[in-house]
Amino acid sequence: MSTITVDLATKKYDVKIDNTLHTRLGQEISTVWSARKIALLTDSNVGPLYLKDTAKQLREAGFDILELEVPAGESSKSLSVAGELIAKMATAGFTRGDGVIALGGGVIGDLGGVVASLYMRGIAFIQIATSLTAQVDSSVGGKTAVNLGNTKNIAGSFYQPDLDLVDVTYLNTLTDRDLVEGYAEVVKTSALANQDFFDFTGQIKSVVDIRHHAQELSKRAIAYKASVVMADEKESGARQFLNFGHTFGHAIELLAHGELRHGEAVAIGMIAISSRFEQHGIMPRGLTTELLSRLEAVGLPTQSHFIGTTDFFNHLINDKKNHDGVLNLVALGKVGQPIIVKKKIADMPAFVEN
Ligand SMILES: NC(=O)c1ccc[n+]([C@@H]2O[C@H](COP(=O)([O-])OP(=O)(O)OC[C@H]3O[C@@H](n4cnc5c(N)ncnc54)[C@H](O)[C@@H]3O)[C@@H](O)[C@H]2O)c1
């Protein structure tokens, strides 16, 4: 088993990575929690596959389990769903000494984190990450949020778990599209991290390869993300590097109105920004092609007709990360060397079109 410790000023917790964790959940959770009530939160896809067995293991370890299932999908990441869950916990007599476990992908992790952070001003929280996106990205770092209407992740907080369990066995039931979407973030992380990791993603030539190497990919991606989060928990510095490809990606994702997944839009965003920075001599020649080959090898999209449209620029203006008309764009001086390039929104049309 690999253990990566996230050691922050206010909290220290382990991310455990192993393909047998799903068989000994009670034992693992007992290492950080005494007997207590647990709100075991999942969604309508993950629930039928794993909820009963997870609850059974936890009950056998002495925990008192309240099973909570919400509809799968982004629409469950809302304040109203969080409120309903909190009400159910209150009715079941949850106190400040109890806890929430998120069993699922990024939606359940983000929603579970919000519920845990709000219930009685904050109770203990654990993640069992079941999608690749959750394993390599969302379960690490403590960002929790729900959406308000069309505005994603607008209400939330930094709320770190007590433990994060990553078992690639769960990925056996994940669809290829969901898996590949998460892999876009792995390619991103490998380019940000170091040449060794980037060479490793260079060897991934198919979806089967992702599945075969999932544990090693997760381990490396989590190690990088944990190091960035430890350097900058609240995203005022190095954590911004994780937004590589995301500024353009978010705009494209919104314009696609659900046709593109987040990771797919980020894949397009990475190529769009890299090719421009390469043309401007900020990124080294050939790096865009290297990224492109990794993304296309697993069927990720890398182009979009939305780039350069008026709506695209309007979304950049409304980007949460637009500060006083300036965007902090992430570029790569070389593999393993991310940098922030400040661009005025007013200069974006010329930057995008040339
Ligand atoms: N907090 C963060 O730092 C952070 C980072 C990245 C993404 N996110 C958030 O994460 C969400 C995206 O994550 P996601 O792609 O995991 O979404 P998701 O939770 O909706 O999972 C994707 C799909 O896979 C299903 N699923 C999950 N695990 C499964 C399994 N083992 N077997 C079968 N089906 C399974 C889900 O039911 C869902 O249908 C977004 O809401 C995004 O905003 C948060």
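1. A crossing of two helices is called left-handed if the near helix is turned anticlockwise from the far one by less than a right angle, and right-handed if clockwise. Helices (H or I, at least four residues) and strands (E, at least two) are DSSP runs, numbered from the N terminus. The model discussed here is predicted, with local features needing pLDDT of at least 70 and side-chain atom pairs counting only at pLDDT 80 or more, while totals for chains, interfaces and linings use all residues. Residues are numbered from 1 along each chain as its sequence is written.

2. The domain assignment of the protein chain gives domain 1 (2-173) and domain 2 (176-353), such bounds coming from an automatic or database domain assignment. The C-alpha centres of domain 1 and domain 2 are 27 Å apart, and 20 residues of domain 1 are in contact with 24 residues of domain 2, where contact requires that the C-beta atoms of two residues, placed from the backbone, lie within 7 Å. On the side of domain 1 that touches domain 2, the elements giving two or more residues are strand E1 (2-7), strand E2 (12-17) and helix H5 (132-138), and H5 gives the most, with 5 residues. That side of domain 1 divides into 12 nonpolar, 6 polar and 2 charged residues, on a scheme in which Ala, Val, Leu, Ile, Met, Phe, Trp, Tyr, Cys and Pro count as nonpolar, Asp, Glu, Lys and Arg as charged, and the others, Gly among them, as polar.

3. The ligand is surrounded by 29 residues, of which the closest are Asn45, Gly105, Gly106, Ser131 and Ser138; a residue is taken to be near a molecule if its C-beta atom, placed from the backbone, lies within 6 Å of it. Helix H2 (46-60), H4, H5, strand E8 (151-158) and helix H6 (176-193) each supply at least two residues of this shell. By class, the shell around the ligand holds 8 nonpolar, 12 polar and 9 charged residues.

4. Helix H3 (residues 79-91) and helix H4 (residues 106-118) pack at an angle of about 55°, with their axes 10 Å apart, the axes being lines fitted to C-alpha atoms, for helices over the stretch in contact, and the angles running from 0 to 180 degrees between N-to-C directions. H3 and H4 are therefore oblique to each other, given that angles under 35 degrees count as roughly parallel, over 145 as roughly antiparallel, 65 to 115 as roughly perpendicular and the rest as oblique. The crossing in which H3 passes H4 is right-handed. Val81, Ala82, Leu85 and Ile86 in H3 meet Leu111, Val114, Val115 and Leu118 in H4, and the residues of this contact comprise 8 nonpolar, no polar and no charged.

5. Helix H10 (residues 246-255) and helix H13 (residues 310-317) pack at an angle of about 120°, with their axes 9 Å apart, and are therefore oblique to each other. H10 passes H13 in a right-handed crossing, with Thr247, Ala251, Leu254 and Leu255 of H10 and Asp311, Phe312, His315 and Leu316 of H13 making the contact. The residues of the contact of H10 with H13 divide into 5 nonpolar, 2 polar and 1 charged.

6. The axes of helix H11 (residues 262-279) and helix H12 (residues 287-297) come within 9 Å and cross at roughly 165°, so that H11 and H12 are roughly antiparallel to each other. The crossing of H11 and H12 is left-handed.
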